[in-house]
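Here is a short tour for anyone meeting this protein for the first time. Take a look at the sequence and the model, then read on.

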Amino acid sequence: MLKTLLAGFCAGAALCASVAAEPLRFAVFGDIQEETAEGHAKDLALADRINEANPEFTIFVGDIQGGGPCTDQQREEAAEVFSKIEGPLVFVPGDNAWTDCKLKGKGDWHPLERLEKLRETLVPKGQSLGQNPMPLTQQKGEYRENARWTRDGIVFVSLHMPGGNNGLYPDRYAFDEYERRNEANLEWLQAAYDEVTSQKAKALVVLFHGNPHWEDIYWRATAYRDFKSMLANEGAEIGVPILAVHGDSHIFRVDKPLKFNDGRTRANHVTRLEVFGSPERGYVMVTADEANPEIFSFTAVEVEGHPGQ
């Protein structure tokens, strides 16, 4: 099933009038959580479908397993899926394979040990995954999974911001880790804003896993509040459209849900794309084209629908 939607903005009339030689096309998918041999086979087939579409690169926006026990097998099977992608693939972590691994039924793991395993397998230094990896600028320090690259005048930035209230649980380890990661994410997002300004980029794409509860009022204390405030306020100041791409709640949608801190005024410079998630299986092809007044368009390729549909 194909669904095509348009969303986005031009940065100005002159930009709208310019015509790019070839539109940029990239694929996004996430939340592959069917923890069975049959599910793994379907995920491998999904990689084949993405290859048939021949995107410039692919981004996986988190969650390589569902609610079952945290195992090395889930990580290794995800690595097999990603290795089938013929072009570059950028991995963004979710919550199920590390922050949740101390919960009942998930195994007696320390989450930071699980996170380090993810980095060892799925976050190579200085480059992406995929059969033909591309170079990435990675954040220095603890969170090298935060990456940045530029293609055709568009800056891309990934942030380690998983679902489950940004990985914040009511214990000291989780709070301390969240504070470090949140600070790193905000610094990395600011670095992306600076990159947009210095390069005179035409758009910014921000990639992360967790649904940040866009509809929440600003003063509600959630672990996504700082990010949403920065996306709305400082994001408006850079003067280009921002595409925010995430997974987590498993609903394909394109909309403009972010509001400024007054809780009333919509932040129209930000478009949200959420990708499919288990039990639905598919990917979204994003096209960025200066000849399109909306810049971004979206083709959702639903390989397998919800069994209840």
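## Ground rules

Two residues are in contact when they have heavy atoms within 4.5 Å of each other. What you see is a predicted model, where local features need pLDDT of at least 70, side-chain atom pairs count only at pLDDT 80 or more, and totals for chains, interfaces and linings use all residues. Numbering runs from 1 along each chain as its sequence is written, and side-chain values use heavy atoms, with hydrogens and water left out.

## How confident is the model?

The predictor's confidence in each residue is called pLDDT and goes from 0 to 100. The protein averages 90, and 92% of the residues score at least 70. Residues 1-20 are another story: pLDDT stays under 50 there, and the model has 60 contacts beyond four places in sequence for them. Where pLDDT is low, the predicted coordinates should not be read in detail.

## The disulfide

A disulfide here means a pair of cysteine sulfur atoms within 2.5 Å, and the structure holds one. It joins C70 to C101, with 2.0 Å from S to S. C70 sits in the loop between β3 (57-60) and α3, and C101 in the loop between β4 (89-91) and α4 (111-122), so the bond ties together parts that are 31 residues apart in sequence. Helices (H or I, at least four residues) and strands (E, at least two) are DSSP runs, numbered from the N terminus.

The torsion about the S-S bond of C70 and C101 is about -95°, which means the disulfide is left-handed. Are its two cysteines buried or exposed? Buried means under 20% relative accessible area, exposed over 50%, and partly exposed in between (1.4 Å probe, protein chains only). C70 is buried at 3%, and C101 is buried at 0%.

## Two residues in helices

R75 belongs to helix α3 (residues 72-84) and is buried, with a relative accessible area of 8%. Beyond four places in sequence, R75 has contacts with I64, R114, K117, L118, T121 and L122.

A53 is part of helix α2 (residues 37-53). A53 counts as buried because its relative accessibility is 18%. Setting aside neighbours within four places in sequence, A53 touches R25, Y283 and M285.

## Helix α7

Helix α7 covers residues 225-237 and has several buried residues, including F227, L231 and G235. Its buried residues pack against α6 (172-199), β8 (203-207), β9 (242-246) and β11 (270-274). After α7 comes G239, with a positive phi near 75°.

Conventions. Expected span 1.5 Å × (residues − 1).
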